[in-house]
Amino acid sequence: MQPRCSHCGREVQRQIKGYKRKSLLTVLDLKSANTLFPRLDPHDAFLCFDCVREVYHKTKKCGKRRVYVDPNPPIRPAPAARPAPSVPAEPPPLKRLKKRLRSALNEHDYASQDPAPSARTEPPPARRDLRGPISQVCGFLRRRKFSCALNRLLQVNGFKDALLKVCSRIISSERKEMVKDLDGPYRKTFSPDSLSVFSWDKTTSWAEDKAPLTVACLRSMFPPAKKIQKQTVNYSRGNKPRRMTDEEVKQLLDRRISLVLSVSLYTSSLRACFLQTAFSVEMLRHRCPIKLFTVTNSLGISQSKTTARIHAKRLAEEHERRVKQWRDEIQTTRKTQYCSEDSKKALAFSFSWGKVQVPSVSRSDSTGRGYNFVTWAFRFAHRNRINFRYLHGPPIKAVEVSPHSVLPTRQTYESLRQRMKTLVMRIIADNLPALKGPRGRVERHIPHRYSHLMKEQSSTVSLGAVIPDSSEASVSTALGLKDYIPVVSGALYHILSCGDVLGTDKTQNQSLDPRYDGLIEAPLEFQKEHLFHEDMMKLLLSEKSENARGTLHHIVSLFHFKTFNNTARDYFLNLWDFITFVTTAYVTLFAVTDCGLDSVHQRPPGYPSQVSAQVDWLSDLAHRLVDLVWMAPPQEDINTAAAAAGQCDGEKKKITPFCYCREDKPGEQLVRCCSNRCPGIWFHASCARVQTWSDPPEEDCGGSDWFCSPACSTDGTYVYCHCKEQRGGPMVQCGRMEDCRRHEWYHQDCLSAAEQSRAQNTPWFCSESCSLAADGEDFLFNYTKAVLWEGLYQMARRDAIQEGDGDAMTDFWRMDLVLLWTRKHQQLFNSGHQMITGIEGFYPERVRQDMKWNRVLNLQGTSGGNISQDLLTELLINEFKGVIKFGKGSFTPQQVEQSAHLAGAQARHLDRIFFTGENPLTLSSYLSRVTSSSCGRTEDVSRFIQEFKTDELFRFKPGRKHSGFNGFRYQQRVREPERMGRCMRRLREEMDLRTDGVL
């Protein structure tokens, strides 16, 4: 219905921001509105612009609104004129006051004893008109209206000049007081500690306490906050412009007021130069030209380039002093109690480095291709948050480590299942607005024994950059880290190190197996994670599938994701954002289709009302999804690899993945252990009879449950049913029996009401894929499961890293060993095998625990804010790579060393000072993207649901083909498990041969 004017009834035209009309009370006050429009309700009436013009002709402006002016006001009679008073020639005599009666009146005599005064016949003498500025000011002061008094005085000639002199004298005294304050923010010494504690709002608050008049004058020079908030901001290319928030407006005003004050104080005293020094170091860090230093120094904003280099050198000396202090504490202090308050001290630290190719000054005369590139190693030291100094367990030989402890077990994959289930519950609760009850009860951070320490902020120090000496056989000497390694009892103290040693330039004289001399090589967590991301893209993203609905390439085109090529600066971040979005969208799509919803805003049918029941309902939904996409490698292949790794050289027995004996006994019956954590799974009947002193059942599933050991019988797990618990009671078998795609046997109590009714029919199938499996494969369904399995696996690994869960990260390395071998990533396979073998006993006890728990860092100091050391190194040197690209020229060794020393924590503090919170170029922005566990594209997730909810991606349809990935099957089997076991055996023998080089 088209709105109309409340007065004339005309239709109101619609514009972009609304209708072309005005509310009656925004034009007139209430009294004038009732006078001009008595028949209208002022609170609900709107006027068109023609009626507003008529109102303007009949009213006058009074403040923000207009008031009605009567054109014919009533005529009042003029008051009678008073006769002019006679002015006597002489002043009248003083009136004599009567003496007060001293005698008290009677008790009931209330009347006055004096006669009534006579009526006055002459008018009183006229009073003098005392309405000058002085009297008005005095009246204002008596009524405590100081602003009115000051405004009245400003109208007096000469008062403004006097006021300016007084204010300038006050401001000058406030300036002197700020300069003399040695503890003020402008007089602080430029150091890493002062950079970390500097804050703009604290600086403004300090200035308001010391110089209230100066700050008030500066604030009045800026427009009001509401006017600034209307301005649009756009911090990065590609983001939509938006309005500034209240916090951003306050931050902007604090920054600019503090900057203006710093220029004044720096001009008054060169010692008040903290901000100028910080700004000059920031320009030196970004390799600004000397002309810019000269201009900003003349304006009082920064210091000279020479001074900036001096401060940068002091920062480098401070970093070296701090790391040597950590070293001296290890060499001189005694053992500390495990995880006590002393563990917060720098009693342990680790190293990391990353390589950068930098164009050198000397040009290549032989090739004529421009600049020569020199490989530099950027080095960093990180303080450990968990102290394990008291542990002194001896190491064992690598061949003595059980291969079953190196490879994943069924318990390892069961822990993965539970973590995936938690992730699915988070995603569904966050993306279905109707699920408000369980949203607060979903586990956001999976706890572990050191969760409280992993929330603490890490301390990172830059050790500068060096050119690795390829002539040195020792890694610590080649990287210049020998002086920082402690020496305890005449032996080198083992320090974790994370860096690409194999990629360092080598000469022919250098051995292939370098010595570490006090350094323990830690595997590259981020490189492994990024390698798996690329494998996922190669497997599931194809240009041929651009027109196939639901494929990754189709999603990239439909939702306009950024490029994934290797030349992108934030390539790995874009790739991780894409994987997070795809996984979130697929999980939400499963929840919508499984519950029969039309959109994410609809409430699921049968959703319970109690919060506890809602959590159970959400847990069952997440369990069904994880059970649907579960594609872990068969435990039989892993047992085969472990058995091959346990064989000695010369043994040529046929390897079997079953039983205690690991021997092949053709024709003998096999029985199955009903524990879900049993490493053997299947056992020969004769071996089981000898081991357990009891006869196993003839039928492993139809008879009673059988367990291979007391440990398996008491662990509470069950190999069948999706609950994986020993609940007892009647069970139902799937019609496909041993070919069931899920669990084959199910507790009758674990089935839903609909499934229990279907279970009365024979045969009964546990899922649609089992009932229709005989009719053919569904390649679209296979592709959907593979995408969701890969996405949940990557998110589960990232969640373990973010929480700093050392046990979970070690389990993921065990599972990743199988993937690294199957996908032929031999270098990372060797590195991961060495780490897990070391954790299982090859390393000393202290090094084992450090390798587990001290390989991640938390620069944000929040729960779930941990990242791997090699990822932090990549982020820290990523900025210098941008400087190289921006400079487009050569670098001297001094320039490279300055840039390396300015990287790290101080670079993050400088970004925090000079950049806004949402600038995507800062290290904090990269860290927030890396540690984010949720998808930030909620609107795109809802759009994804509306786009693909009718495609039946999660429904099994036999014979359905895939236009982009026809014939697709996900590879679950381990590639050549026997060969994998022999490779593990060879690696363990090599570790024993070069024990001196490794340790």
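## Helices α23 and α37

The crossing of α23 and α37 is right-handed, a word used when the near helix is turned clockwise from the far one by less than a right angle, anticlockwise being left-handed. The structure is a predicted model, in which local features need pLDDT of at least 70 and side-chain atom pairs count only at pLDDT 80 or more, while totals for chains, interfaces and linings use all residues. Residues are numbered from 1 along each chain as its sequence is written, and side-chain values use heavy atoms, with hydrogens and water left out.

Two packed helices are described by the angle between their axes and the distance between the axes. Helix α23 covers residues 635–646 and helix α37 covers residues 977–993; they pack at an angle of about 40°, with their axes 7 Å apart. The axes are lines fitted to C-alpha atoms, for helices over the stretch in contact, and angles run from 0 to 180 degrees between N-to-C directions. α23 and α37 are therefore oblique to each other (under 35 degrees is roughly parallel, over 145 roughly antiparallel, 65 to 115 roughly perpendicular, and the rest oblique). On the α23 side, D637, T640, A641, A644, A645 and G646 meet P977, E978, M980, G981, R982, M984, R985 and R988 of α37; contact means heavy atoms within 4.5 Å. The residues of this contact divide into 6 nonpolar, 3 polar and 5 charged. Here Ala, Val, Leu, Ile, Met, Phe, Trp, Tyr, Cys and Pro count as nonpolar, Asp, Glu, Lys and Arg as charged, and the others, Gly among them, as polar.

## The protein as a whole

The protein has 38 helices and 19 strands. Helices (H or I, at least four residues) and strands (E, at least two) are DSSP runs, numbered from the N terminus. Of the 999 residues in the protein, 48% are buried, where buried means under 20% relative accessible area, exposed over 50% and partly exposed in between, with a 1.4 Å probe and protein chains only. Among contacts with a separation of 6 or more, 72% join residues 24 or more positions apart.

## Helix α21 and two partners

Helix α21 (residues 571–595) packs with helix α36 (residues 938–948): their axes come within 9 Å and cross at roughly 50°. α21 and α36 are therefore oblique to each other, and their crossing is right-handed. F581, T584, A585, Y586, T588, L589 and V592 of α21 make the contact with D940, V941, F944, I945 and F948 of α36. By class, this contact has 9 nonpolar, 2 polar and 1 charged residues.

Helix α16 (residues 410–431) also packs with α21, at an angle of about 75° and with the axes 9 Å apart. α16 and α21 are therefore roughly perpendicular to each other. V424, I427, I428 and N431 in α16 meet T584, V587, T588 and A591 in α21. The contact of α16 with α21 has 5 nonpolar residues, 3 polar and no charged.

β12 pairs with strand β13 (residues 519–521) in the parallel sense over 3 bridges; two strands pair if DSSP finds at least two bridges between them. S497 has E521 as its bridge partner in β13.

## Two buried residues

H319 lies in helix α14 (residues 305–332). With 2% relative accessibility, H319 counts as buried. Apart from neighbours within four places in sequence, H319 is in contact with P192, V461, S462, H901 and Q906.

L902 lies in the loop between α33 (893–901) and α34 (905–914). L902 also counts as buried, at 1% relative accessibility. Apart from neighbours within four places in sequence, L902 is in contact with V281, R285, A312, L315 and A907. The C-alpha atoms of L902 and L876, 26 residues apart along the chain, are separated by 9.9 Å.

## Two residues with positive phi

Most residues other than glycine have a negative phi. S489 is not a glycine, yet has a positive phi of about 60°. S489 is in the loop between β10 (487–488) and β11 (491–492), and is exposed, with a relative accessible area of 77%.

K824, a residue other than glycine, has a positive phi near 65°. K824 is found in the loop between α29 (806–822) and α30 (826–842). With a relative accessible area of 61%, K824 is exposed.
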